[in-house]
Amino acid sequence: MGSSTGLDMAGRYLKDAMVEGTWVLLKNIHLARAYADVVEKWLHRERSEGRLHRNFRLVLSIEAAPGIPGSSFATSRNNSNNSRTKHFDESLAELPVSLVEASVVLVYEPPPGMKSSLLQTVGALKPHSSFAKQPVDVQRIYLAAAWLHAVVMERLLYIPMGWSTQYEFNDTEFWRILQTVDSWVGSTSRSSGMDGKKEIDRASVPWPALQTIIGTTLYGGKISNEFDQLLLDFLCSQLMSTAVFDDDRFFAFTEDDEINSRLRCRSIESLQDLQEWVRALPDAQTPLWARLPASASRVMSAQHAVATIERLAVVRLIEEGDNDGTNTDNEEEHFVQQAAPRSIGETRWGQKIQRFCKMWRHSLNALGCMRPQRTTVTTSFSATAAVETTSSNNTSLEPTVIAMQREYTFALERLGEILDDLEALEDICAGSRNPTATQRVLIDNVLMDQVPPHWARSYHTFPTTADQWISDFRNRVAQAQFMHEAVEKKTFGKKCLSLGLLFWPGAFLTATKQQAARRQHRSLEQLQLRLELMSEEAARIHAASNIEESHTWHIVGLTLFSARLEANCGTCELLPATSGTSSTPVGALLSWEPIPAATADEVLLPVSKTSLLMRLLSQNPTSRCFATPFYVNPRRDSMLEVVELTVDPVHSPMRAWYERGVCLVAWSEAER
């Protein structure tokens, strides 16, 4: 499917098969979504008129969540049940509902684990294929490519720890690697005059070319995050290198010496030896094979468990309300026909809406904010508006003050909209007004515990359920009110704020940069972000003792993933591989400092401060500062800045730093 020719052929085959009672396969129906509607109506008409043969069968194939990042059967493989279910449900949503309900749905997924991935790649090579006829050294490169592919695929199960987001990797990349190896290594062998021999000239293998093609073109072409690209470059440089010819080379290290001995690349003389080595690998695998902490599986399972419990809590709240007043001693009386409900509030789903609205409205009204007049909210905030919203005696027009007042104005406006919507829903349930089309959509969202889109517009939100979103929004409004009062009392410099609770954290960071540039009389391009990490308690103590340090801002509610702070210093170190936690709550002092002048050696490097990837690739592994991403939320789908964190390179090597997915997030579990 997907072409005009395919549509014409499908129409002819379906017409004949409905009469003759044969079977038809429509492959990749997601490429012809509109035609699925045509088929559904066609089948319904033929069945209702009795012209559909009883032996007719229609088989449809569809990829998992087409068009969605990370969507393919390869990326939804293994034991990530939540991710697989989500992708599959999104796939079925592309088809007509009645067509799906009338079908038998089968899902194909490869078995889990890196060993399974190796068996599907290098283990699938046929003894009489062209790959089996290659020299032994080339087959060793095949094994390194298969292990690299298995690591790449396995890390997809640990989003966002393994990769920052889901990527559309599949086994096609592996087969293209084999073609690349045959082309480059084969041509090198022939040019060396060694064609046809059992060995190749190991010194002439173009490793930089292989690493570049694999890391930049094959896998890298699907990567959108610079830190993921850096990680892929590290994996390629480690696995696709001359070390693959070493019999004592380890592909991974675990806590078990016996397992480590199996992960050692022993002497391989043929393709059969290579496949036997793969089959001899232990069936029980740990995330250490994929260069992740051993506790990664436990951490991911804990996150899924928390999300499940949160959803079950909402379901229990609804069910408890449904059971109120339904118990009766006489079971027959419970089924006596009752009069039709006179209003929406008398229906069971109407009572659910009333309970939610009452609970949410009580939570928001407890903030004590004055209900604003309904005015149009603009995305810009001029200096005149800042003067009007600040007190009459406040003549400061600092960018951070303007940003805080903009947050406060937006919070009041959006709070008024939500309270008006909740009051309208309660009136609808009481029967005092009729719902509009917009309010009907709002009712559907509330019943399904989904966040109404017009509530969460204009800013980046993290919670996915309506109940969690209301709690998050309440915390944001409370902080906006708190910071507004601090600005009015001119104590803003002595307060700690949470970037994760700002509606626009990126705008606030820009405002701090503008304010620092004014005070230092520098351009914005000459400044770089500096975060001095410390405990949240230390940040609050520092804020309380702050004396007019307008160039420093106190931040709390940050989370450092895969790392922690060393005792009594601001140096970061990796969490132990067996640690039961994956993050550390931290605070920070935020400031902007001049970019240090480049040395003579750095001038020769093709490094541009505007090119993040080039900046990452030019880092010195022995340096005590590693560039670390600073994200808005734990989903890591929006990057605020890149910060330099102080690290001990001896105990936390740069390679391991990026393999563990270390990052800083403007969010904490306490804000959920």
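Residues are numbered from 1 along each chain as its sequence is written. Because the model is predicted, local features need pLDDT of at least 70 and side-chain atom pairs count only at pLDDT 80 or more, while totals for chains, interfaces and linings use all residues; side-chain values use heavy atoms, with hydrogens and water left out.

**Aromatic rings**

A pair of aromatic rings is described by the distance of the centres and the angle of the planes. Here, rings of Phe, Tyr and Trp (its six-membered ring) pair if their centres lie within 6.5 Å; planes under 30 degrees apart are stacked, over 60 edge-to-face, and the rest tilted. That rule gives 24 aromatic pairs. Take Phe-503 and Trp-504, a tilted pair at 6.2 Å centre to centre with 55° between the planes. Both Phe-503 and Trp-504 are buried (under 20% relative accessible area; exposed is over 50%, partly exposed in between, using a 1.4 Å probe and protein chains only). They also belong to a cluster linked by ring pairs, together with Phe-356, Trp-360, Phe-410, Trp-455, Tyr-459, Trp-469 and Phe-473.

Trp-504 has a charge over its ring too, from Arg-406. To count, NZ of Lys or CZ of Arg must be within 6 Å of the ring centre and within 35 degrees of the ring normal.

| Charged residue | Ring | Distance to ring centre |
|---|---|---|
| Arg-155 | Trp-163 | 5.8 Å |
| Arg-406 | Trp-504 | 4.2 Å |

**H5 against H6**

Helices (H or I, at least four residues) and strands (E, at least two) are DSSP runs, numbered from the N terminus. Helix H5 (residues 114-121) packs on helix H6 (residues 136-154) at about 135°, with the axes 9 Å apart. Axes are lines fitted to C-alpha atoms, for helices over the stretch in contact, and angles run from 0 to 180 degrees between N-to-C directions. So H5 is oblique to H6 (under 35 degrees is roughly parallel, over 145 roughly antiparallel, 65 to 115 roughly perpendicular, the rest oblique). Contact means heavy atoms within 4.5 Å; H5 brings Met-114, Ser-117, Leu-118 and Thr-121, and H6 brings Ala-146, Trp-147, His-149, Ala-150, Val-151 and Glu-154.

Most residues other than glycine have a negative phi, and most peptide bonds are trans. Ile-159 and Pro-160, though, are joined by a cis peptide bond, omega about 0°; Pro-160 is in the loop between H6 and helix H7 (172-191). Asp-449 has a positive phi near 55° and sits in the loop between helix H17 (437-447) and helix H18 (466-488). Asp-449 is buried at 7% relative accessible area. His-521 has a positive phi of about 55° as well, but His-521 is exposed at 74%.
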